[in-house]
Number of protein chains: 2
Amino acid sequence: MKEIYNLHAEMCKVFSNPIRLEIFNLLRDKEMSVTEIINTSKLSQANISQHLSIMKSKGIVISKRDGKMIYYKLSNPKIIKAFDIIKEVLTERLEKNRKILVGVKA
Amino acid sequence: MKEIYNLHAEMCKVFSNPIRLEIFNLLRDKEMSVTEIINTSKLSQANISQHLSIMKSKGIVISKRDGKMIYYKLSNPKIIKAFDIIKEVLTERLEKNRKILVGVKA
DNA sequence: TTAACATATTAGAATATTCTAATATATAAA
DNA sequence: TTTATATATTAGAATATTCTAATATGTTAA
């Protein structure tokens with residue numbers, strides 16, 4: 001009954017890094033090659049590769065090779081929903097803070 | 001456009017620890033005092049207190065004092081939905097693996 | 001007051017994560 | 001084959017997280 005929390009934590013750990021979140025968001029509606037991810041994210045090749053490796057090992061993404069390129073995509077689109085809920089909670093919170101700062105009534 | 005990923009990652013970091021997930025799950029439908037959490041989770045007082053402090057600082061839980069006791073509850077029930085989606089993805093995955101091991105057809 | 005209870009905080013060792021730089025591997029083109 | 005391109009892996013320093021043990025703080029009851 002306790003082991004599920006370890007697995008759950010391992011999965012959430014994947015999303016506890018801003019670079020991996022950015023990669024996840026890039027892949028949300030299309031698969032991409034590593035080169036494309038590098039170009040759009042402006043991060044180093046080694047770093048992207050390491051993060052993709054972590055995401056793959058936790059089953060968040062899957063990859064396939066096509067010639068020289070390797071393409072990554074999300075393994076389970078359900079996770080997008082979880083991602084979006086968290087983002088929604090955060091943006092609501094930011095909006096609330098903005099209103100307080102600006103002096104707008106709720 | 002990048003700062004949201006840092007906030008998002010900070011929030012997910014809260015869920016990247018099995019003890020905090022256990023506490024979150026205890027609080028999913030009722031508020032609890034620290035003593036109650038200690039008793040049901042069988043973890044040390046200091047450790048629980050530290051984890052609650054982290055959860056509170058990230059806005060996942062809120063607390064109120066009532067006499068000697070301090071009661072914690074979830075700040076935003078929406079997050080339960082995200083928690084459950086991740087859990088669902090994991091249990092589906094475990095079930096698939098079980099079937100493969102046991103030799104059941106999909 | 002003082003004692004007892006509930007909770008928080010601190011210090012520090014053990015462990016884990018992250019980045020950069022360098023190197024390795026796999027594939028395709030020349 | 002060699003060369004160029006795409007991606008992965010490794011090593012290691014810097015940083016962050018986690019736990020335990022000890023101590024501090026706040027509240028109520030005696």
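These legends go with a set of close-up views of a predicted model.

Because the model is predicted, local features need pLDDT of at least 70 and side-chain atom pairs count only at pLDDT 80 or more, while totals for chains, interfaces and linings use all residues; side-chain values use heavy atoms, with hydrogens and water left out.

**View 1**
Chain A is split into domain 1 (3-75) and domain 2 (76-106), with bounds that come from an automatic or database domain assignment. Their C-alpha centres sit 24 Å apart. On the domain 1 side, A:Phe24, A:Arg28 and A:Ser75 supply 61% of the buried area, more than any other three residues.

**View 2. A salt bridge between A:Arg28 and A:Asp84.**
Look for the side chains of A:Arg28 and A:Asp84, which meet at 2.4 Å, N to O. A salt bridge here is a side-chain nitrogen of Lys or Arg within 4 Å of a carboxyl oxygen of Asp or Glu. The rule finds one salt bridge across the interface of domain 1 and domain 2 of chain A.

**View 3. Helix 2 of chain B, tucked in.**
Helices are DSSP runs (H or I, at least four residues) and strands too (E, at least two), numbered from the N terminus. Helix 2 (residues 18-26) of chain B has seven of its nine residues buried, so it is largely enclosed by the rest of the structure. Buried means under 20% relative accessible area, exposed means over 50%, and partly exposed is in between (1.4 Å probe, protein chains only). Among the buried ones are B:Ile19, B:Leu21 and B:Phe24.

**View 4. Chain B against chain A.**
Here 36 residues of chain B are in contact with 36 residues of chain A. The two chains bury about 3300 Å² between them, 72% of it from carbon and sulfur atoms. In chain B, B:Tyr5, B:His8 and B:Ile86 lose the most area to chain A, together 19% of what that side buries. Six salt bridges are counted between the chains. One to spot is A:Lys78 with B:Glu92, whose closest N and O atoms are 2.3 Å apart. Helix 5 of chain B gives the most to the side that touches chain A, with 15 residues.

**View 5. A salt bridge from B:Lys64 to B:Glu31.**
The closest N and O atoms of this pair are 2.8 Å apart. B:Lys64 lies in strand 2 (residues 61-66) of chain B and B:Glu31 in the loop between helix 2 and strand 1 (32-33) of chain B, so the pair ties together parts that are 33 residues apart in sequence. B:Lys64 is partly exposed, with a relative accessible area of 43%, and B:Glu31 is partly exposed at 30%.

How values were computed:
Residues numbered from 1 in each chain as written. Chains lettered and ligands numbered in written order. Buried area = accessible area lost by both parts, 1.4 Å probe. Contact = heavy atoms within 4.5 Å.
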